[in-house]
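Work through the exercises below with the model open. Try each task before reading its solution.

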Amino acid sequence: NDGTYLHRWDAFHTVIGAKYHRELGYFDLYKCSYAIDREGPRHFRAVKDIRDLHTRKFEPADQHIADNDCKQRFTPERLEAFKHDLNEFGTWSSKSQWKILMKDKGFNGTPFYATVCKLLINSVEITLEGLRRLAVIDPILMLIAFGVVGWAYGARTAAIVAIFFCVFFPNRFTHMGGSILRFDYAATLLIGFAALKKDKWGLAGAMFAWATMVRVFPAIFAVGVGIKIASDVIAGRKLAIRDEHWRFVGWYAGLLALFFVISLIGM
């Protein structure tokens with residue numbers, strides 16, 4: 001990332017989208033960022049077209065922000081913080097980058113992901129150094145996950161998993177490196193499968209629940225475990241579910257419910 005390490009494009013969506021989700025929701029990240037910046041210091045003045053996140057169509061910037069109510073959504077204190085954070089991001093990226101950034105598809109993290117990110121973001125100053133510290137969480141999580149895979153499956157399997165992860169085309173650094181909590185779901189899924197290997201079904205359920213709530217699609221892995229449980233019941237020709245299966249279901253369902261409540265509070 002041009003020697004900065006922090007993925008500023010991705011961090012803009014995560015930091016501004018999560019920190020100011022109360023005011024921006026899922027649809028007005030670009031609109032309000034452009035409208036507030038336009039009053040000064042105009043970092044985004046090169047932007048000519050903006051994606052309307054309601055319709056996914058591109059609109060002329062002036063048309064997109066016409067009659068907006070962005071300033072009215074913020075308290076005076078939150079508005080000053082928003083201006084400060086926009087100014088920080090505005091100084092880190094080029095005019096040409098802003099021209100295409102606001103044609104992306106906005107912030108699309110789940111409510112639970114937004115809540116977790118907001119807690120992390122509020123713990124640091126919005127500076128390059130502060131956000132760089134958050135961007136190292138993912139490599140640490142993945143190293144832990146590879147270590148846990150080694151504990152469960154052996155060093156050879158852990159090495160193969162690590163190599164695959166590092167050369168997998170969608171994971172290339174250009175898109176994913178230097179981001180904030182991009183791979184927490186991958187780390188928790190790996191730890192969850194390692195826990196299953198070691199017959200720690202409760203831990204597996206907890207890890208799968210986290211992955212589900214931050215990305216949704218990992219629920220398919222919990223479905224797979226559910227099919228395995230069902231097949232064991234059918235094979236045993238009795239309706240009794242083993243204790244370890246109850247632990248998985250209990251931890252998975254219980255944490256889904258807890259994380260859902262946390263999402264409601266955080267939003």
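**Exercise 1. Charges over rings**

Over the ring of which residue does the charged end of R172 sit?

Solution. The model is predicted: local features need pLDDT of at least 70, side-chain atom pairs count only at pLDDT 80 or more, and totals for chains, interfaces and linings use all residues. Residues are numbered from 1 along each chain as its sequence is written, and side-chain values use heavy atoms, with hydrogens and water left out.

Step 1. Apply the criterion: NZ of Lys or CZ of Arg within 6 Å of the ring centre and within 35 degrees of the ring normal.
Step 2. R172 meets this over the ring of F169, with its charged end 3.8 Å from the centre.

**Exercise 2. Two aromatic pairs**

Classify the pairs F12 with W98 and F112 with F259. Are their rings buried or exposed?

Solution. Step 1. Set the rule: rings of Phe, Tyr and Trp (its six-membered ring) pair if their centres lie within 6.5 Å; planes under 30 degrees apart are stacked, over 60 edge-to-face, the rest tilted. The count by this rule is 22 aromatic pairs.
Step 1. F12 and W98 lie 5.2 Å centre to centre with 75° between the planes, an edge-to-face pair. F12 belongs to helix α1 (residues 8–19) and W98 to helix α7 (residues 95–101), 86 residues apart. Helices here are DSSP runs (H or I, at least four residues), numbered from the N terminus.
Step 2. Check burial: under 20% relative accessible area is buried, over 50% exposed, in between partly exposed (1.4 Å probe, protein chains only). F12 has 0%, so it is buried. W98 has 1%, so it is buried too.
Step 3. F112 and F259 are stacked, at 4.5 Å centre to centre and 25° between the planes. This pair joins helix α8 (residues 111–121) to helix α16 (residues 243–266), across 147 residues. F112 is buried at 3%, and F259 is buried at 9%.

**Exercise 3. An aromatic cluster**

Which residues form one aromatic cluster with W201?

Solution. The cluster holds F193, W201, F208, F221, F248 and Y252.

**Exercise 4. Y153**

Where is Y153 found, and how exposed is Y153?

Solution. Step 1. Y153 is in helix α10 (residues 137–153).
Step 1. Its relative accessible area is 38%, so Y153 counts as partly exposed.

Conventions:
Helices (H or I, at least four residues) and strands (E, at least two) are DSSP runs, numbered from the N terminus.
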